[in-house]
Amino acid sequence: MHKEIVLNQRYVLPTYRREPVVFSRGRGSYIYDVSGKEYVDFFPGWGVGILGYGHPRMVKAIKEQTEKLVNLPNNFYHPYQGLLAEQIIRHSFKGKVFFANSGAEAVEGCIKLMRAYGAKAGRYKIITFHNSFHGRTIGALTATAQAKYQKPFRPLLAGFTYIPINDVARLKKAVDKKTVGILLEPIQGEGGINIFSGEFLRQVKAFCRQHDLLLGFDEVQTGMGRTGEYFCFQHYGVQPDIMMLAKGLGAGVPISALVVRQGLTNILGPGMHASTFGGGPLVCRAGIEVFNIFKDEKVLHNVRRAGKIIERHLRIMQAKYPVIKEVRGKGCMWGVDLRTKGAVYFKEALKAGLVINCTHETVLRIMPALNVTSDVLEKGFAILESVFKKLR
Ligand SMILES: *Cc1c(COP(=O)(O)O)cnc(C)c1O
């Protein structure tokens, strides 16, 4: 066995199921293991690698910033935090940003903001949706309405109610005098690419207005161009009060953001919330470069173009292989729902030189870099097709 695998198994807590592959470098949409084998990556960094590996401009910005200043505590200012916040606000909605380091941490910020908003009136309950995924810290885990993740950690945080997606009647029934907010992923990622309907989200928004509820969109996975708009809410024309970003925001460096609309920006005041690493110069500089690259290289345009290619391939495969029950997605975020368990497809693809993901047992997840080329897509789908042929 490879030395790195031996060391890992000896010294790292076994919290992850891992494949016996050691990757050492990447370039664009390709990643290479230590033996030099090349893989097409249709799932770079679980949605983090939105510009692929080693984008020259990202490398340059990060290198330059590393030499100047990597970390700075938030009792001072540096040149990049305000600039990145401005970019996020300009592309989403009027408001302000809090920077943190992970998706779960952004979700924690959302839960705290909702609770602080409701505190005077004694409101603290939050509604989330079956098969949602919001992260692994206790608050985010409680928001994650999946028993399999919660079970050993009970009792969880008080005040969460779980309902099915796209069901207005259930939503109205779930709200009571103590409810303060609703939290959802406009397209559920880890839960199997489940898409909220525009009709439902518009009704949720109206309902929130009527009852003074805060609407939080967890766009940790759908944000930063993944679905063909900067943020997924823009497809629906339904603006949330609070938005969470993480995965793609730094295109590889750990940074997350809580985006809060105008009118709610004083709920979390000095001393109420903080994060030591949050919004440091290195990660903010990286985030700014992501926005610059989006503009200069017309990345959103590519997402829409790539999305059409992906959908065409998947629909053709669906017609050919009855094991495919349903194909769902938008832009560069797709799920292939199988009538059987997907793990073997994922493993066979990996052997054949293609990285995909299997989530929720039966759903193959395909989320390539947002600047993926047609050539790479053709190559990856040829491998995927060969896997389906083999397993038929
Ligand atoms: C990945 C993910 C999270 C958790 O992010 P971490 O950085 O792992 O804490 C939260 N919400 C959504 C929608 C995600 O996809």
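**Ground rules.** I worked on a predicted model, in which local features need pLDDT of at least 70 and side-chain atom pairs count only at pLDDT 80 or more, while totals for chains, interfaces and linings use all residues. I numbered residues from 1 along each chain as its sequence is written, and the side-chain values use heavy atoms, with hydrogens and water left out.

**Entry 1: α11 and α13.** I took helices (H or I, at least four residues) and strands (E, at least two) as DSSP runs numbered from the N terminus. I looked up how helix α11 (residues 299-320) lies on helix α13 (residues 374-391), and found an angle of about 15° with the axes 11 Å apart. The axes are lines fitted to C-alpha atoms, for helices over the stretch in contact, and the angles run from 0 to 180 degrees between N-to-C directions. The pair is therefore roughly parallel; angles under 35 degrees count as such, over 145 as roughly antiparallel, 65 to 115 as roughly perpendicular and the rest as oblique. I noted that α11 passes α13 in a right-handed crossing, right-handed meaning that the near helix is turned clockwise from the far one by less than a right angle, and left-handed anticlockwise.

On the α11 side the contact (heavy atoms within 4.5 Å) includes R305, I309, H313 and M317, and on the α13 side L377, F381, L384 and F388 are among the residues involved. By class I recorded nine nonpolar, two polar and five charged residues, where Ala, Val, Leu, Ile, Met, Phe, Trp, Tyr, Cys and Pro count as nonpolar, Asp, Glu, Lys and Arg as charged, and the others, Gly among them, as polar.

**Entry 2: α12 and α13.** I then turned to α12, which packs on α13 at an angle of about 125°, with the axes 9 Å apart; these two helices are therefore oblique to each other. This crossing, of α12 past α13, is right-handed. V344, Y345, E348 and A349 of α12 meet I383, V387, F388, K390 and L391 of α13, and I classed this contact as seven nonpolar, no polar and two charged residues.

Which residues of α12 are buried? I listed Y345, F346, E348, A349 and L350, buried being under 20% relative accessible area, exposed over 50% and partly exposed in between (1.4 Å probe, protein chains only). The buried residues of α12 pack against several elements, including β3 (38-41), β14 (333-338) and α13. After α12 comes G353, for which I noted a positive phi, near 95°.

**Entry 3: salt bridges.** With a salt bridge taken as a side-chain nitrogen of Lys or Arg within 4 Å of a carboxyl oxygen of Asp or Glu, the count comes to 19. K390 and E348 form one of them, at 2.8 Å from N to O, and this pair links helix α13 to helix α12 (residues 343-351) across 42 residues. K390 is exposed, at 59% relative accessible area, whereas E348 is buried at 14%.

R304 and E229 also meet, at 3.9 Å from N to O, and join helix α11 to the loop between β10 (214-218) and α9 (233-236), 75 residues apart. R304 is partly exposed at 40%, and E229 is partly exposed at 25%. In the bridge of R328 with E326, at 2.6 Å from N to O, I found R328 buried at 15% and E326 partly exposed at 37%. Finally, I noted R57, E289 and D296 as linked in a network of salt bridges.
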